[in-house]
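Here is a short report on one protein model. It covers ring pairs, a sheet with its helices, and the nonpolar cores.

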Amino acid sequence: MFTSQTSSFQDSIDVEERDDFDSDDIAGYNQKTQLNCYYAIYLYQGTSLSLVDSSLPPEAEPELRCYISRRLSKGALLEGMGNIATVDISVPEQNVGCYCCLLEQEHSPDQPDAEGNGYVICFMGGSEKGLNLYPCPILDKYVQGLQSCLQTPELTNLETEIRPYLSKWYEESVLHIHRVVQLVQSSISFLLHAALSHTHVEVKSDERTKKDIARFIKAASLQGLSQQEATTSLCKAMSEEPPADLVIDCSTTPPTLSNTVSNRFCDDWIQAFLNAAESCNPFLLRQILENFKLKAIQDMNSLKRFIRQAEMSHYALFRCCQFLQGCGNGDVLLQNAKAEHSDLPEACRIIAVLEEFLMEPSQAHT
């Protein structure tokens, strides 16, 4: 079920409680924003912390080093598991979101018991709340990609491998959603619908664009938020009646999309995504994407409640029909509800009635 997950989403991305993005931002944010990003890497030996490389202003780096030293002395940095906090350092933003992760060095055979040696990697950009919209495992995975480069003695590959890799953290870990919206523009609704309906997306483009779109679809989908049994049932149902793949051909400008399907719910989010993309604020874009998912989850919970009530009341069935007609996402909600209630005969009967109700208006227009 979605209930517990909904509350956690509500706690983390409630727009009205966020200092970074208020409701006016979401409604229409058309002022371009210049966001700076930084990185730093330190060698950690015993209790000493020494700078290896940094893109921070000279006056800000010692302040960050003091902050990290305090975190290390408290045991607040765990190997391979980053965390995000706000740091007050001498950068234009003053208060900036900071991700920190400790990577321990592999022990050599002649020093098997050596402990406390490694590197601390820091990424800074936006705010703490903005960075928290990108789950730590995403940044952890990016940091892990640096592990092999840090085994070179005296880091002779600093300029050729390490620095270029660290410099791209923002581009690779944060900007992919922005690139996708900029690429497909108002066709973003088709990708949103594909994500919610578990439709496979085929991308004819270079590897980077394929990866960007795959990450967007994963971020927009509700996969992993429903019961495992429901997900299994949905996958089985879709294997029996698979929808046509959404095909995105990037050989043309703008890209050509085939087998497109959308609905009113997804269409209503187009302008919010376009406004945020125009502002060049990837954190706002991620916020909007999370709000999109939150609304879909809330509507799913409402539908499940109406279905339970409709088993005992014809009036509740009528209210359920009204809800599906008004939410604009009836096709997706019923698809997921059908999978989740597959082992409940009475609920399946209610869903069949609702499916017929939704089909009648579409048949009337044919």
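## Aromatic pairs

Two rings of Phe, Tyr or Trp (its six-membered ring) count as a pair if their centres lie within 6.5 Å; planes under 30 degrees apart are stacked, those over 60 are edge-to-face, and the rest are tilted. The model is predicted. It holds 13 aromatic pairs.

Take Tyr 134 and Phe 283. Their ring centres are 5.9 Å apart and their planes stand at 85 degrees, so this pair is edge-to-face. Tyr 134 sits in the loop between α4 (128-132) and α5 (136-144), while Phe 283 belongs to helix α14 (residues 282-310), so the pair ties together parts 149 residues apart in sequence. Both Tyr 134 and Phe 283 are buried.

Now take Tyr 315 and Phe 318. Here the ring centres are 6.4 Å apart and the planes meet at 35 degrees, so the pair is tilted. Both residues lie in helix α15 (residues 314-327), 3 residues apart, which is about one turn of the helix. Tyr 315 is exposed, with a relative accessible area of 58%. Phe 318 is partly exposed, at 45%.

Which residues do ring pairs link into a cluster? They are Tyr 99, Phe 123, Tyr 134, Tyr 142, Tyr 165, Trp 169, Tyr 170 and Phe 283.

Tyr 134 also has a charge over its ring. The charged end of Arg 286 sits there, 5.1 Å from the ring centre. Likewise, the charged end of Arg 305 sits over the ring of Phe 306, 5.5 Å from its centre.

## The β6-β7-β8 sheet

These 3 strands form an open sheet in the order β6-β7-β8, with mixed pairing. At the edges stand β6 (201-204) and β8 (256-258); each has a single partner strand, so one side of each is left without a neighbour in the sheet. Neighbouring strands are turned by 15 degrees against each other on average, direction ignored. Strand β7 (residues 246-249) pairs with β8 in the antiparallel sense, over 3 bridges. Within these strands, Asp 249 stands opposite Thr 256 in β8.

Helix α9 (residues 188-196) packs on the sheet and touches β6, β7 and β8. The direction of α9 makes about 145 degrees with that of β7. Helix α10 (residues 207-220) lies across β6 and β7 and runs at about 160 degrees to β6.

## Helix α8

Which residues of helix α8 (residues 176-184) are buried? They are His 176, Ile 177, His 178, Val 180, Val 181 and Val 184. The buried residues of α8 pack against α7 (169-173), α9, α10, α13 (270-278) and α14. Just after α8 comes Gln 185, with a positive phi of about 55 degrees.

## Nonpolar cores

The largest nonpolar core has 38 residues. Those with the most contacts inside it are Ile 188, Leu 191, Leu 192, Phe 216, Phe 273 and Leu 289. Elements giving two or more residues to this core are α8, α9, β6, α10, β7, α12 (264-267), α13 and α14. The largest share, 7 residues, comes from α14.

What does Leu 289 contact, leaving aside its neighbours within four places in sequence? The list is Ile 177, Leu 192, Phe 216, Ala 219, Ala 220 and Phe 273. A second, separate core has 28 residues, including Ile 41, Ile 84, Ile 121 and Tyr 170. Tyr 170 also belongs to the ring cluster described above.

Technical notes:
Residues are numbered from 1 along each chain as its sequence is written. This is a predicted model: local features need pLDDT of at least 70, side-chain atom pairs count only at pLDDT 80 or more; totals for chains, interfaces and linings use all residues. Side-chain values use heavy atoms; hydrogens and water are left out. Helices (H or I, at least four residues) and strands (E, at least two) are DSSP runs, numbered from the N terminus. Buried means under 20% relative accessible area, exposed over 50%, partly exposed in between (1.4 Å probe, protein chains only). A charge sits over a ring if NZ of Lys or CZ of Arg is within 6 Å of the ring centre and within 35 degrees of the ring normal. Two strands pair if DSSP finds at least two bridges between them. Axes are lines fitted to C-alpha atoms, for helices over the stretch in contact, and angles run from 0 to 180 degrees between N-to-C directions. Contact means heavy atoms within 4.5 Å. A nonpolar core is a set of buried Ala, Val, Leu, Ile, Met, Phe, Trp, Tyr and Cys residues joined through side-chain atoms within 4.5 Å.
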